[in-house]
Amino acid sequence: MITVEHLTKCYGDFTAVSNLSFEIDEGQVYGFLGPNGAGKSTTMNIMTGCLSATEGCVWINGHDIFEEPEQAKRAIGYLPEQPPLYMNETPAEYLKFVGEAKGLRGRELQRQIEEVLRQAKIGHVKDRLISALSKGYRQRVGIAQALLGNPEVIILDEPTVGLDPIQIIEIRDLIRQLGETHTVILSSHILSEVQAICEKVLIISQGKLVAFDRPENLEKLLLASNGISFTAEASEEEIGEVLGSISHIAEWEIQVQEDGGTKVFARTESENVKDICRELFFAFADRKKAILEISSRKANLEDVFIELTEGESGVTEE
Amino acid sequence: MIAVLKHELSGYFHSLTAYIFSAFLLAFVGIGALIYNIQSAVANFEYVLGYVCLGFAVIIPILTMRVIAEERKQKTDQLLYSLPIRTSQIVMGKYFALLTVYLVPLCIVAVYPIIFAQFGEVYLPTSYGSLFAFFMMGAAMIAAGTFISSLTENQGFAAGIAVPVILLNYYSVTLAEYVSATASGSAAALIVTAVLLGFVIRHLTKNQNLAYGVSILIMLAVVIIYLADSSRFEGLLPDIMTKLSLFERFYTFVNGVFDLTAIIYYITVIIFFLFLSVQSLEKRRYN
């Protein structure tokens, strides 16, 4: 579907993207994850033909974006970070222009405009000026624009930035629906968002691809940080005794709280966290000490992300 | 291209741009006609056009300042880049939309000579020949304005550059009388131009070697020709300044000569600036 090979982009001395290669298959939702300034927008701009590359190539459905831009662009719907809207037009006029520019005419154009208005749920505001619409609606108009012409791939650059929580949920639902019929690539620096909607995640840091896998596989990368946190009504010594008696628990941190409880975070190498929780429960029950709260904590995408993007000086200069 | 053209046209007629432009153009021509044709009872409509053409310095920037600058400011240029249309089609669509807006008031103006003909002897071929040249000259300036608009994202700046450029072009013939006509003066002016050209190339391409190369090559050529035969540079500078004037060529039509070379010159200017506009848009993809 999309092949990116050895992509490099330099702005003067600054290398925004360096030797990036990956392949995107049909019919899945891909998440493009990275801290600010990691090169997400640059990569997306190059993939959609808005920007040239210093080196490397991008193939869309077998068409080189630099050599055969028209065929390649027909297969892509793109929503840049800031929706490219004409403020003094209505969504209906705007979509008509985009549709015509994508080569749609007459009845087919009308049909597709109605279809995307319905999909993006903006039918009731189609005759209002875009400048009078809220940010969430503008974002939807931007998505509707990307959907026109029925492209196979939809690329969305940070589609939920700056929206309120309800709008975020609505946009995520919309993206999930689109994922059923299209290949969707979206960028984000919000981990929970990517975890919630993406089937595959590309993590990019300082212009380099550092990971490309399913979210659950990425989490498995960090087994060692499985842990249990609990709060018990017991003294530090008693807790130390109990934890010492349980195998698989290597280290722990204790924090005495003001209300008499003691908060503990214990790390384990064992994959079977449930068994250890059970052991802990009965050990405290035998001593007639109550456990007020207990939860197992598995490594999540956030840990993977921090692990992968750290150590390379963390944040880029931008 | 058609999509861009339709979109631009609806934009002009939905906003005030088309109306302000038409109003100004009609007002200028109207005042001119009042003074020459009605007050002084002169039958030559072409004099009105000759009198009015300085008004281009005001109305062309009004028309062209937002054409590309606004896209860049609203970030809608990203949409245009991601659509399956070529940059040349975008520029052509925009340019033909501007020409259409420019043609609308001219169609009204085209009725004036016929009206005047009802009341006296009007030589219509000169009137309409001049009107055609007037259209071509405006079209050339619109192309230049389009290019200026593509250089910036600030409309005011685009207009602020376009006005002095048109004024300078208007007065270049007058200025030509004052500049040095000697061979050494012309050669010096050419060398200064070569240096300036070098700076422009370096700014646009960020390629120092190319800029210095072009600059030094032109300077060498000037020096060699000057040493070989300095009489070639005699009066060259004022000559070039006169030749570059769009207005000077228009006055030939006003004087009753249909000058085909002038028309070809206008078309060349149009193609040149549209080409530069396309390059200016393309360049933004590369920086």
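Select Ile60 and His63 of chain A. Ile60(A) stands opposite His63(A) in strand E5 of chain A. This is a predicted model, so treat every stop on the tour as a prediction.

**Stop 1: the open sheet of chain A**

E4(A) and E5(A) pair in the antiparallel sense, over two bridges. Four strands make an open sheet here, in the order E2-E1-E4-E5 of chain A, and the pairing is antiparallel. Which strands are at the edges? They are E2 and E5 (63–64) of chain A, and each pairs on one side only.

Next, select helix H1, residues 40–47 of chain A. H1(A) lies across E1 (2–11), E2 and E4 of chain A. Its direction is at about 120° to E1(A).

**Stop 2**

Most residues other than glycine have a negative phi. Asn19(A) has a positive phi of about 50°, although it is not a glycine. Is Asn19(A) buried or partly exposed? It counts as partly exposed, because it has 14 C-beta neighbours inside 10 Å. A buried residue would need 20 or more.

**Stop 3: an enclosed strand**

Select strand E3, residues 29–33 of chain A. How many of its five residues are buried? Five of the five are, so E3(A) is largely enclosed by the rest of the structure. Show the side chains. In a regular strand they alternate between the two faces of the sheet. Look for that here: Val29(A), Gly31(A) and Leu33(A) point one way from E3(A). Tyr30(A) and Phe32(A) point the other way.

Then find the partners of E3(A).

- Strand E8, residues 183–188 of chain A, pairs with E3(A) in the parallel sense over five bridges. Tyr30(A) stands opposite Ile185(A) in E8(A).
- Strand E9, residues 200–205 of chain A, runs parallel to E3(A) and is joined to E3(A) by four bridges. Phe32(A) stands opposite Leu202(A) in E9(A).

**Stop 4: the two domains of chain A**

Zoom out and colour chain A by domain. Domain 1 covers 2–220 and domain 2 covers 224–298. How far apart are the C-alpha centres of the two domains of chain A? They lie 46 Å apart.

**Stop 5: where the chains meet**

Show both chains. The contact takes 21 residues from chain A and 19 residues from chain B. On the side of chain A that touches chain B, helix H2 (69–74) and helix H3 (91–101) of chain A each supply at least two residues. H3(A) gives the most to this side, with four residues. Colour the residues of that side by type: they divide into nine nonpolar, six polar and six charged.

**Stop 6: chain B as a whole**

How many helices and strands does chain B have? There are 15 helices and zero strands. The C-alpha atoms of chain B fill a box of roughly 65 × 55 × 30 Å along the principal axes. Chain B has 287 residues, and 37% of them count as buried. Now consider the contacts in chain B between residues at least 6 apart in sequence. Of these, 80% join residues at least 24 apart.

**Stop 7**

Select helix H9, residues 124–150 of chain B. H9(B) has 27 residues and reaches 39 Å from its first C-alpha to its last, close to the 39 Å expected at 1.5 Å a residue. Of those 27 residues, 20 are buried, so H9(B) is largely enclosed by the rest of the structure.

Now select helix H15, residues 260–286 of chain B. The buried residues of H15(B) include Ala262(B), Tyr266(B), Ile270(B) and Phe273(B). What covers the buried residues of H15(B)? The cover includes helix H7 (87–109), H9 and helix H14 (246–254) of chain B.

**Last stop: a loop in chain B**

Select Lys75(B), in the loop between helix H5 (69–74) and helix H6 (77–82) of chain B. Its phi is near 65°, a positive value in a residue other than glycine. Lys75(B) is partly exposed, with 15 other C-beta atoms within 10 Å.

Terms used: Residues are numbered from 1 along each chain as its sequence is written. Chains are lettered from A and ligands numbered from 1 in the order in which they are written. This is a predicted model: local features need pLDDT of at least 70, side-chain atom pairs count only at pLDDT 80 or more; totals for chains, interfaces and linings use all residues. Two residues are in contact if their C-beta atoms, placed from the backbone, lie within 7 Å. Ala, Val, Leu, Ile, Met, Phe, Trp, Tyr, Cys and Pro count as nonpolar, Asp, Glu, Lys and Arg as charged, and the others, Gly among them, as polar. A residue is buried if 20 or more other C-beta atoms lie within 10 Å of its own, exposed if 12 or fewer, and partly exposed in between; C-beta atoms are placed from the backbone. Two strands pair if DSSP finds at least two bridges between them. Domain bounds come from an automatic or database domain assignment. Axes are lines fitted to C-alpha atoms, for helices over the stretch in contact, and angles run from 0 to 180 degrees between N-to-C directions. The expected span of a helix is 1.5 Å times one less than its number of residues.
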